[in-house]
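Here are my notes for when you have the model open.

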Amino acid sequence: IVPKSAEDMRANPLLYRNNHIISVQMLFMLLKKIIVHGNYETMEQTDYQIEIEDYKTIIKLQLLVAEEISEKHKKEMDIDHFLYSTYHLNYQRNIANEFLRMYYMMEIVSRDINAFDADVQRQYRDYYKDFTDKYGFTPTEYSSLLFWQLEEYYSGINGLAYAPIWKSVEKSYGESEISGGANRVITTLSKLLVDYKQWAEESEDREWDFSEFFAAPFIKDTSGRFISLSDITLRNAFFEKMFWLIRDCYPVEDSRAMAFFGRLYEKYIQDITEDAANEEFFYIDEFVYTDGRVEKKSSDAYIRKGNDLLVVEAKGFSVLLNCMTKNENVEVNNDKLFVKPILQADKSLAIVMDEKPEFAGVETAYIVSVTMDNINAVPNYYNAIHKEIMDKKRSDKVKYFFNFSIEEYEMLMALMERQIDIFILLKEYYENDKLKPFSTYLHDRYTDIGMTTFMEKCFKEASDTMKEILFGVD
């Protein structure tokens with residue numbers, strides 16, 4: 001954002017006098033310090049007015065926190081962890097995509113056991129019913145009622161507030177039939193400030209540990225009022241948090257509880273891929289093959305154009321929490337999301353390449369591991385990952401390999417549906433000297449990527465259902 005001229009300065013809204021650039025990380029760290037050292041008696045006060053000096057004080061306190069971290073980094077700093085955590089914390093999730101994706105997985109696909117093959121049926125869990133029984137609202141009601149809380153972040157009114165911002169369910173949702181469900185949703189996602197304290201004390205020196213803010217994105221008081229912590233923590237609640245809410249429906253010792261979630265995730269990726277395929281990009285579905293005497297399933301989906309083959313390996317995994325919060329298990333995390341899925345797909349491809357007629361004549365294979373979150377563009381992580389894959393891969397056809405988040409993959413499919421050559425795009429990205437997140441790379445090249453036709457249809461259905469839940473309009 002450094003301006004190159006006076007004209008650049010005047011044109012950049014981030015540099016306007018009445019705008020301020022605030023670090024989410026520093027604000028979260030400041031909030032942790034307030035939770036640890038603050039005066040809890042003031043929490044019940046509501047008859048106060050916020051002055052401009054209060055905002056100045058917050059900015060000064062945030063700068064003090066930043067200075068403290070800077071001094072710490074002068075002694076010791078892990079650049080890789082800093083880059084990784086910065087990407088992960090500040091990435092702006094596409095709420096529309098998250099909403100339609102979970103709607104499709106939970107409302108449309110998960111409720112019919114007969115929609116799955118026999119092997120998947122053995123893993124079946126009725127997430128929809130179990131979720132509804134535990135929390136008192138359906139997964140779609142949860143997402144719909146939560147959407148209401150996004151208004152303050154996307155209404156276009158981003159000015160400073162000079163009045164208390166505590167809200168109540170009654171004021172937010174009115175005296176209506178949905179207020180009971182809304183209260184249950186907010187209660188499920190909220191904590192009293194004092195309930196964050198033990199965690200805040202234990203993690204005060206961990207500058208990237210905001211785990212409890214994501215686990216409970218609303219602060220509540222003893223009168224039932226609440227505050228949303230940030231748009232980042234609220235966005236997380238639409239997909240990532242939903243995973244953990246489903247997981248909590250089952251005993252901790254039930255190690256297979258989320259196996260079927262992985263199948264739902266694979267099904268979504270298969271369906272969006274098949275629907276985006278066209279006469280230029282040929283879709284090949286998952287199939288069964290024999291490895292020795294053992295029957296196995298192939299990668300989840302394939303796209304072929306000419307001599308190029310895209311191999312899609314879907315894994316319903318997310319970033320290991322300790323990797324970001326404590327800088328632990330980095331290699332385990334990289335293996336889980338990137339290395340192992342790529343080598344799994346590579347091994348399968350090496351076995352079936354000469355046996356599958358659809359693969360005849362393929363010269364170059366591109367493998368993409370599609371995970372809920374991904375290993376972002378940290379050079380040293382990527383160097384180690386790429387070296388391990390190159391040393392262990394078996395197929396000489398595999399030349400390019402990637403780990404994309406589900407949102408990045410959705411963007412890739414949207415471009416493919418528009419008949420943009422995704423193989424040229426992937427090759428250029430892979431060989432680019434400047435490593436950057438794939439989403440950033442795409443946005444730099446295409447201003448309006450949008451959704452696939454499949455996604456648009458699903459989003460419309462999800463939106464119509466949301467309107468019916470909130471307003472009784474179908």
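1. Ground rules. This is a predicted model, in which local features need pLDDT of at least 70 and side-chain atom pairs count only at pLDDT 80 or more, while totals for chains, interfaces and linings use all residues. Residues are numbered from 1 along each chain as its sequence is written, and side-chain values use heavy atoms, with hydrogens and water left out.

2. Cavities. Rolling a probe the size of a water molecule over the atoms shows where empty space is left. A search of the whole structure turns up two cavities of 30 Å³ or more. A cavity here is a set of points, on a 1 Å grid over the protein atoms alone, where a 1.4 Å probe fits but cannot get out; lining residues have an atom within 4 Å of a point. Grid points are joined across faces, edges and corners, and a volume is the space filled by probe spheres set on the points.

3. The largest cavity. It holds about 180 Å³ of space. Its lining has 17 residues, and Y91, R93, D373, N374 and S405 are the ones nearest its centre. Two or more lining residues come from each of α4 (79-90), α5 (95-109) and α20 (406-417). The largest share, three residues, belongs to α20. Helices (H or I, at least four residues) and strands (E, at least two) are DSSP runs, numbered from the N terminus. By type, the lining has six nonpolar, five polar and six charged residues.

4. Which of them gives the most? That is α5, with four residues. The lining has five nonpolar residues, two polar and no charged.

5. The second largest pocket. A pocket is an open set of points with protein on both sides within 12 Å along at least five of seven lines. This one has a volume of about 1,200 Å³. It is lined by 46 residues, and F243, W244, G316, F317 and S318 lie nearest its centre. Elements that supply at least two lining residues include α14 (231-236), α16 (259-276), β8 (308-315) and α18 (330-352). The most, five residues, come from α15. The lining divides into 18 nonpolar, eleven polar and 17 charged residues.

6. Helix α22. In this helix (residues 438-445), F438, S439, Y441 and L442 are buried, where buried means under 20% relative accessible area, exposed over 50%, and partly exposed in between (1.4 Å probe, protein chains only). These four sit on the same side of α22 because they cover an arc of only 160 degrees around the axis, taken from the directions from the helix axis to the C-beta atoms. Among what covers them are β10 (398-405), α20 and α21 (422-430).

7. M411. Look at this one together with the previous point. M411 is in helix α20 and is buried, at 7% relative accessible area. Between M411 and F438 there are 27 residues in sequence and 9.7 Å in space, C-alpha to C-alpha. Leaving aside neighbours within four places in sequence, M411 is in contact (heavy atoms within 4.5 Å) with S439, L442, H443 and I449.

8. Positive phi. Most residues other than glycine have a negative phi. N327 has a positive phi of about 60 degrees although it is not a glycine, and N329 also has a positive phi, near 60 degrees. N327 is in the loop between α17 and α18, and N329 is found in the loop between α17 and α18 too. N327 is partly exposed at 28% relative accessibility, and N329 is partly exposed at 40%.

Note on methods
Nonpolar A, V, L, I, M, F, W, Y, C, P; charged D, E, K, R; others polar.
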